[in-house]
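Visitor: I would like to learn how to read a few features of a model. Please take them one at a time.

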Amino acid sequence: MPPLIPGIQQQSWQAVIQKELAAAASAAASDIGGRLKDTAFLKTVTELAVQQSQFPYLIQTNPPGISAGNAGLAILFAMLDTCFPGAGWDAVGHQHIQLAARSLEASYALGCGLSLFTGLSGMAFATWCLSHNGTRYQKLLAALEHHLLPAVTNQALRVLDERPHGCNDSLYDVITGLTGMGAYLLCRREEPAAAQALQTVLASLVYLTEEQDGLPHWHVPAHLVPREHWYEHYPDGYLNCGLAHGIPGPLALLSQARRFAIKVEGIDEAIARSADWLIAHHREDAWGINWPVACPTGHFLATPDFDGNSRTAWCYGIPGIARALWLAGMALDRPAYRAVALDGMRSVYRQPLSVRRIDSPTFCHGIAGLLQITLRFANESGEVFFQEAARALTEQLLELYQPETLLGYLHQESPGISVDHPWLLDGVAGVALVLLAAAQPYEPIWDRLFLLS
């Protein structure tokens with residue numbers, strides 16, 4: 001039996017694509033892994049990507065980070081080791097987690113932040129993925145959690161003590177906030193100290209879902225609206241609808257905690273409030289139902305190049321919201337929530353490819369993220385419709401595979417700008433993980449990183 005990423009069940013996941021397609025997807029993922037394991041090559045291609053990108057700060061190496069660092073690559077190598085035991089991927093994963101750990105030590109880890117995608121929570125998540133059901137890296141996990149757990153607890157307690165009405169969405173979101181930290185703690189829920197920290201995080205999120213004067217506490221008030229882009233459209237404040245930065249993230253975490261029988265006062269009401277709010281704020285369009293990027297708390301300034309509609313991606317748009325609603329429906333046994341989730345996903349597939357606005361093959365706002373969510377629906381709903389959609393998306397992803405390029409895929413950052421992006425969130429590592437999820441019979445528990453499980 002191959003070593004497992006913790007939580008993976010041998011027979012709980014079905015590869016819903018045809019054998020020939022699965023073989024091609026597995027081969028592409030292995031090819032990408034083979035290119036990324038060479039640290040010298042990785043350094044060279046990262047330097048090139050920084051030059052190519054409009055956003056070089058998102059690509060510059062942060063070894064302990066999952067978004068753009070060796071820790072994120074370690075998750076890919078852990079999954080490759082699960083799928084292809086004995087092929088040497090375990091040793092490669094060990095090398096990359098060591099590089100991340102050394103970087104933390106050199107910079108005094110504890111100043112790198114707590115977030116899931118760039119900080120200590122992410123480093124701990126990657127270590128957990130490599131741990132072979134918690135049997136290895138125990139010292140490293142203990143060292144990380146020694147600093148992480150009290151710091152996360154204190155951050156959550158500040159919310160409960162200060163009881164803000166209105167906040168930055170970075171306080172609670174998946175990428176940088178309490179929801180992302182909670183995603184890691186959920187993986188460690190059987191460890192008493194982690195379970196206690198998780199309870200506090202969940203309690204803080206329950207509070208943020210409550211309302212005052214008709215507005216939930218998680219809204220972003222006018223004085224906290226980011227000046228770039230957001231203020232242009234939402235000068236009076238907004239409520240973020242994206243899974244990456246808005247209320248679907250806390251909804252997904254609270255729902256999964258509830259499904260794992262974690263008891264927190266008010267959790268059922270918080271799940272229902274958040275799910276009901278999302279359903280109440282959906283829109284109708286030519287293809288079915290949809291959601292905006294955000295809902296204004298006051299005046300909304302529509303401009304010719306911005307109508308408020310989202311792309312159909314993980315970070316913003318129907319797929320991420322639908323997944324959160326599905327999890328809420330499972331947690332509370334509310335068929336109505338699950339029905340809206342299914343209607344939303346069907347709306348995605350009615351859209352022409354040009355309308356979906358996900359030209360890049362990558363995860364965050366590209367095809368890979370939509371495919372991963374579709375795979376979850378295909379496995380959990382049992383509907384042939386989603387199996388066929390998963391096959392079509394896998395074919396679309398493989399049509400974009402260019403083995404003659406440096407990494408096999410190019411991140412389409414914006415029209416006319418392609419980047420040889422090596423990392424997980426916006427690069428080829430994320431694509432490879434999704435190809436493995438489509439092709440292999442091992443549950444991709446790594447997608448808890450994205451609050452999909």
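Visitor: In which sense do E3 and E4 pair, and over how many bridges?

Guide: Strands of a sheet pair through backbone hydrogen bonds, either parallel or antiparallel. Here E3 and E4 pair in the antiparallel sense, over two bridges. Strands (E, at least two residues) and helices (H or I, at least four) are DSSP runs numbered from the N terminus, and two strands pair if DSSP finds at least two bridges between them.

Visitor: What is the order of the strands in the open sheet?

Guide: The order is E3-E4-E7, with antiparallel pairing. E3 (220-221) and E7 stand at the edges with a single partner strand each, so one side of each has no neighbour in the sheet.

Guide: A note on the source: this is a predicted model, in which local features need pLDDT of at least 70 and side-chain atom pairs count only at pLDDT 80 or more, while totals for chains, interfaces and linings use all residues. Residues are numbered from 1 along each chain as its sequence is written, and side-chain values use heavy atoms, with hydrogens and water left out.

Visitor: Is Leu-205 buried or exposed?

Guide: Leu-205, in helix H8, is buried, with a relative accessible area of 1%. Buried means under 20% relative accessible area, exposed over 50%, and partly exposed in between (1.4 Å probe, protein chains only). Not counting residues up to four places away in sequence, Leu-205 touches Tyr-172, Leu-178, Thr-179, Pro-250, Leu-253 and Leu-254; contact means heavy atoms within 4.5 Å.
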